[in-house]
Amino acid sequence: MLNKYPLWKYLLILLVLALGLLYAFPNLYPDDPALQLSTQKSTAIVDEQSLQKAKDALSKANIDLKQAELTSAGGTLRFNSGEDQLAAKPVVAAALGEDFVTALNLVPTTPDWLSSLGAGPAKLGLDLRGGVHFLLEVDTPAALKQRLEVSSSEMKAALRSDRIRYRSVDVEDGVLSIRFLQESDLDLAETLLKRDFSEYRYATLQDGSDFYLNVSFTEAATKEIESYALQQNLTTLRNRVNELGVAEPLVQRQGSNRIVVELPGVQDTAAAKRIIGATANLEFHLEAGLDDRGADIETLTFRDGSGRTARLERDLIITGDSVSDASSSFDENGRPQVNINLDSKGGKQMSKVTRSAVGRNMGVVFIEHKSRSRFVEKDGKMEEVRRSYSEKGIISLATIQTTLGNSFRITGLDSPRESSELALLLRAGALAAPIYFVEERTIGPSLGAENIKLGVSSAQIGLLVVMLFMLVYYKVFGIIANISLALNIILLMACMSLLSATLTLPGIAGIVLTMGMAVDANVLIFSRIKEELANGTPNQQAIHSGFNRAFTTIFDANITTLLVAVILFAVGTGPVKGFAVTLSLGILTSMFTAIVVTRAQVNLVYGGRKNKKLYI
Amino acid sequence: MKVTNIPFMAMRKIVAAFSLVLILISLGSLATKGLQFGLDFTGGTLIEVAYDEAPKLDDVRALLGENGYTDVVVQNFGSPTDVVVRMANSYTPTLGDEVLSTLQNHGETNVSLQRSEFVGAQVGEELREQGGLGMLLALAIVMIYVAVRFQFKFSVASVAALIHDVIITLGFFSLFEVEFDLTVLAALLAVVGYSLNDTIVVCDRIRENFRIMRDTTPFDLVNESINQTLGRTLITSMTTLFVLVVLFVAGGEAIHNFSMALLVGIVIGTYSSIFVAANLLLAMDVKREDLVPAPKEELEDDLP
């Protein structure tokens, strides 16, 4: 018998390999360190003029620019080295001014004809390119509490307007409890509130001479509020990250109440954390009248450090959530101010309240939600206890001259920086619930570069060692296996690039490990062929049954390993996921190259002649 | 490599005793010393900085102590110029930055941040749970697959071999107090995959031989199968070990423990695929009838 593939099989293999080469090719082009220019404002655009400005500033500072180009997202300035890139950032930022955002980035140098085919290099993980990784936890109980507090103002207003008398309203442990002196008031209130506030569960309680109406969220409402809080926070974080001007950021939900934020290339973690984690918001309150009752007013200090205080009503007019746009500027006296536009609902509410309050004072309160972690021993284990608190301070207290509408301004801010940060936060939106940093990883760029260097060099050495061994041990068949191994790596890289999978350091280790294991299939086949030859089987028959009989073994062994790799992917995070990806892709590609490609080569070399001696 | 004829299964009692001793030592160490869990699992803060000139670690400790950071571990990381500072669970969002600026402001040489990590205590705990769960899930799925493709006895034998490998590798990490972090967990799962691969190859040969060698006793048949696959087992383990040694030596500090776990695991895995799985199969009295269905009796043709 002769071992031959039909022509179409050879052609198919060649086609797959050609595609593999094509899509693996971009990885040979190293990325350029670059500055990404973009803008968040409608008034400024990145154009030839701004590029020219940047170029002039760079040549003045003696920094070599490799290339400057306009892209759909803004502009890109490419540099020859990372040092040039770092030195250029402040220069360019100063030259272009505040309206532009400059971000460090690595830009692929894939030739146009390749990128037009959808080919590009594999993405590098944070451990290889440097950057920051945050894992944030959304405090959903706080979101529920906030929502309950807003409702408590609305309920009080509803009770007052229907002239139902109540003694006090308290919010505690997710329950809003309203105290009445008369049972008839309780009944009236229950009917009214049940009609107007249907997302709540109501329970009545009698304690001594007092009657209580306990209001809490239904389960469905709780779920909805929690998922809304998470969604809202995701949107807000995306907006904030965009305002930071980071190239290729990742903001992603993880599990039921966590959010992952990855900012490649960012080095100033403190600044990134300040903007991302800021839970500042604004609240607008009327100043309390002199004869108002004690429980409904709150005495707050001014934020300017003067020690002045003012008494404000607890009831809210609106919060910063109703702000649709905000920008910072200066008033006629050169003091910083923030111009605010409200959405229609907020505008209506504002004008409704201010119409009947002309002549009274309105306070703008700046709130920051913060938390402290303490560790207490509980059942012999240290447990983390978080206590959240908020810092409130009055930014401004001004007389309402006329009914306020959709747009107005607030003054009384300390500095231009404060006004622009406040505008940024109002624009990007407030966080619907406070967030905590539960995990944080920063990898410096030099460590990333070193990791790449080590990973690549150990992959090269590993490849060399395996190839030498195969050559010595299996001679001609060793050469064939080595060609298959090389093609396997090319195919693996092509798959990584096509799936735009992220390459991490453990991922590189996975590739190296795959190399060791990829020859396994060929070892299995070759040992079978040797065995057959030792049994006196003719050459062609030995090759044929060697491949056939090894196949089920290879299949079973690889499928089980693949199962484990998939589980690894499912439970792993970050770098471990990267390892699982390269391992599973490596198993798949190695099955193709070790079985099909090796067979094709063996057929080409030995298949045609009957009794050629096998060098194995 | 010629097909050898080593009486592996004649040594089965000695080998079983050896495995048992290793497992007992491992379990003993895990029970008394436990694992040296890394930051990923315990939570805490870590900073790695690079000095231009190698500092004295005592000086660094003293400097941090003066500034109120008392409960810290200061170590070199890979090279004398690289220093890692670890702090237990006393997290404030700015701790990492504070320590960094303390180090930067008080020395003559330049200090640059290589990486800083913070993991919340709760996250660490969840990771530990997830890791253990992942491991169990992997074993369960493998057991089902092998039971379907082979037979129940084979699935028990191969999973027992895997558990054997995992326990001994964990024992190694516990005994020598090597840090156990997320990458080591990944390596451990890779060992499961690899060792399984090896075991399946041996089992596959046993299955095949049961079909073709009609008159051999299970004892001789298993022995023969191991000898037939020995060449392949050793060559594959060797090529894999070559690259792992390269990774261990040249891969850098970040994947040092990762490659160590794989090295240990694969040595154990190779051993277990030769000795442990087959040994258990014999102990469970594996028979030809387990794999080759008994010849069907003539069906009575009672259909119209």
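**Note on a predicted two-chain model**

1. Residues 182-203 of chain B are 100% helix and 0% strand, with end C-alpha atoms 31 Å apart; helices here are DSSP runs of H or I with at least four residues, strands are E runs of at least two, and both are numbered from the N terminus. This is a predicted model, in which local features need pLDDT of at least 70 and side-chain atom pairs count only at pLDDT 80 or more, while totals for chains, interfaces and linings use all residues. Residues are numbered from 1 along each chain as its sequence is written, and chains are lettered from A and ligands numbered from 1 in the order in which they are written.

2. For chain A, the unreviewed UniProt entry gives "transmembrane region" at residues 454-473, 480-501, 507-529, 550-571 and 583-606. Residues 507-529 of chain A are 100% helix and 0% strand, with end C-alpha atoms 34 Å apart, whereas residues 480-501 of chain A are 86% helix and 0% strand, with a corresponding separation of 29 Å.

3. Chain B contains 11 helices and six strands. Its radius of gyration, taken over C-alpha atoms, is 26 Å, well over the 19 Å that the globule rule (2.2 Å times the number of residues to the power 0.38) gives for 304 residues, so chain B is more spread out than a compact globule. The C-alpha trace of chain B spans about 95 × 50 × 35 Å along its principal axes.

4. Between the chains, 60 residues of chain A are in contact with 58 residues of chain B, a contact being a pair of residues whose C-beta atoms, placed from the backbone, lie within 7 Å. The side of chain A that touches chain B divides into 35 nonpolar, 16 polar and nine charged residues; Ala, Val, Leu, Ile, Met, Phe, Trp, Tyr, Cys and Pro count as nonpolar, Asp, Glu, Lys and Arg as charged, and the others, Gly among them, as polar.

5. Strands also meet across the two chains, since β22(A) and strand β5 (residues 111-119) of chain B pair in the antiparallel sense over five bridges, pairing requiring at least two bridges found by DSSP. Within this pairing, Arg441(A) stands opposite Glu117(B) in β5(B).

6. Leaving aside residues up to four places away in sequence, Val564(A) touches Ala138(B), Val142(B), Leu189(B), Val192(B), Gly193(B) and Leu196(B).

7. Helix α10 (residues 276-283) of chain B is mostly covered, with six of its eight residues buried; a residue is buried if 20 or more other C-beta atoms, placed from the backbone, lie within 10 Å of its own, exposed if 12 or fewer, and partly exposed in between. The buried residues of α10(B) pack against α1 (12-32), α6 (152-175), α7 (182-212), α8 (218-250) and α9 (256-274) of chain B.

Note on methods:
Contact = placed C-beta atoms within 7 Å. UniProt positions renumbered as here; feature names shortened; annotations may be inferred.
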